[in-house]
Amino acid sequence: MMQPIPWGDLQDFLAIARAGQIARAAAQVGVDATTIGRRLRRLEARLGATLFEQTREGQVLTEAGERLLAQVETMQRAAERIGDAGDGDRETLSGLLRVSVSEGFGTWLVAEHLHDFAHRHPALTIDLVASSGFLSPSKREADVAVLLERPSAGPVVASKLADYTLRLYASRGYLDRHGQPTRSTIAADHRLIGYIPDLLYSPELRYLREIDAGLSPVLRSSSINAQARLIASGAGIGVLPHFIGGHDPALIRVMPEVEIARAFWLVTHRDTRQLRRVRAFRAWLVELVTRHRTQLVGD
């Protein structure tokens with residue numbers, strides 16, 4: 001009779017399947033890559049099946065791995081529901097909540113106020129992944145994601161979280177040296193700051209073409225925070241969300257007729273959206289952006 005498979009080995013398998021790389025999964029689980037690789041080999045030996053193929057990009061599920069993934073995800077959802085049921089009507093939430101947000105929104109709004117949610121739920125471990133790119137709720141890489149566009153496919157539920165506005169900004173020192181830009185001079189007479197085109201993680205970030213199809217940045221970064229610091233240092237002119245540019249005293253709005261509208265989308269996996277910790281964070285985030293609507297869209 002085969003011994004029961006340790007639940008921890010199955011969770012490690014799930015982490016690798018979601019991350020797509022052993023090293024990335026190991027970092028998420030909190031062990032080294034050698035350890036999680038050894039556990040995977042132990043699981044494959046016990047099942048008598050190869051669960052992943054090694055590629056240049058990382059680990060890709062085999063057919064046996066796909067079958068096991070469906071079973072383990074079902075087990076994981078059941079375990080999460082049991083954990084929720086154990087809380088009953090108590091206010092205490094526990095476990096891990098992983099939230100994926102864009103770098104600017106995560107840094108300038110969510111991080112500033114997250115202490116409030118953490119204070120309400122001190123037993124909850126919260127991962128705020130605020131980066132140039134997103135973790136995928138459909139692959140269960142994150143419990144909640146705030147995306148720049150509504151997902152067109154996948155087992156997710158999406159709703160508009162908030163509108164936000166972007167504008168052109170420069171520093172006082174830059175304007176003193178180069179003068180105020182206009183639509184007729186901005187392309188020829190001014191240095192533009194923006195994203196690296198081939199590293200864009202969403203088409204919603206192609207701002208400059210909405211001002212003029214011929215505009216192209218010459219100082220480029222994948223980081224909106226780095227762009228903001230470049231603009232504040234006097235390096236050039238760039239597009240920033242109002243919640244960054246409008247609240248940095250080193251920045252001055254230019255070409256006030258330029259206003260770009262975008263929206264944030266709140267996305268959760270349809271199988272976990274009713275978990276109490278997910279519901280609690282969604283409600284808190286909606287409350288946060290409602291309170292700070294002026295910070296997002298301007299006056």
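Phe-105, Tyr-164, Phe-243 and Phe-264 form one aromatic cluster, where rings of Phe, Tyr and Trp (its six-membered ring) are taken to pair if their centres lie within 6.5 Å, with planes under 30 degrees apart counted as stacked, over 60 as edge-to-face and the rest as tilted. This is a predicted model, in which local features need pLDDT of at least 70 and side-chain atom pairs count only at pLDDT 80 or more, whereas totals for chains, interfaces and linings use all residues. Residues are numbered from 1 along each chain as its sequence is written, and side-chain values use heavy atoms, with hydrogens and water left out.

The structure holds 10 aromatic pairs. Among them is the tilted pair of Phe-105 and Phe-264, whose centres are 4.4 Å apart and whose planes make an angle of 35°. This pair links distant parts of the chain, since Phe-105 belongs to helix α5 (residues 103-120) and Phe-264 to strand β11 (residues 260-269), 159 residues apart; helices (H or I, at least four residues) and strands (E, at least two) are DSSP runs, numbered from the N terminus. Phe-105 counts as buried because its relative accessibility is 0%, and Phe-264 counts as buried at 1%, given that buried means under 20% relative accessible area, exposed over 50% and partly exposed in between (1.4 Å probe, protein chains only).

Phe-264 also pairs with Tyr-164: the ring centres are 4.1 Å apart and the planes stand at 10°, so this pair is stacked. Tyr-164 lies in strand β6 (residues 156-170) and Phe-264 in strand β11, so the contact ties together parts that are 100 residues apart in sequence. Both Tyr-164 and Phe-264 are buried.

The charged side chains come next. Side chains of opposite charge can pair when their charged atoms come close. A search of the whole structure finds 13 salt bridges, each defined as a side-chain nitrogen of Lys or Arg within 4 Å of a carboxyl oxygen of Asp or Glu. One of them joins the side chains of Asp-163 and Lys-160 at 3.2 Å, N to O; Asp-163 is partly exposed, with a relative accessible area of 39%, and Lys-160 is likewise partly exposed, with 47%.

Arg-262 takes part in a salt bridge with Glu-204 (3.2 Å, N to O). Because Arg-262 lies in strand β11 and Glu-204 in the loop between β7 (192-194) and α8 (208-211), this pair ties together parts that are 58 residues apart in sequence. Arg-262 is buried, with a relative accessible area of 9%, whereas Glu-204 is partly exposed, with 25%. The side chain of Arg-262 also meets that of Glu-210 in a salt bridge (2.5 Å, N to O), a pair that links strand β11 with helix α8 across 52 residues. Glu-210 is partly exposed, with a relative accessible area of 47%. Elsewhere, salt bridges that share partners join Asp-116, Arg-120, Glu-287 and Arg-291 into one network.

The structure holds 1 cavity of 30 Å³ or more, a cavity being a set of points, on a 1 Å grid over the protein atoms alone, where a 1.4 Å probe fits but cannot get out. About 110 Å³ of space lies in the largest cavity, the volume being the space filled by probe spheres set on the points. Of the 14 residues that line this largest cavity, the closest to its centre are Ser-102, Gly-104, Tyr-195, Tyr-207 and Pro-241, where lining residues have an atom within 4 Å of a point. Helix α5 supplies the largest share of the lining, 3 residues. By type, the lining of the largest cavity divides into 11 nonpolar, 2 polar and 1 charged, with Ala, Val, Leu, Ile, Met, Phe, Trp, Tyr, Cys and Pro counted as nonpolar, Asp, Glu, Lys and Arg as charged, and the others, Gly among them, as polar.

Key. On a 1 Å grid over the protein atoms alone, a cavity is a set of points where a 1.4 Å probe fits but cannot get out, and a pocket is an open set with protein on both sides within 12 Å along at least five of seven lines; lining residues have an atom within 4 Å of a point.
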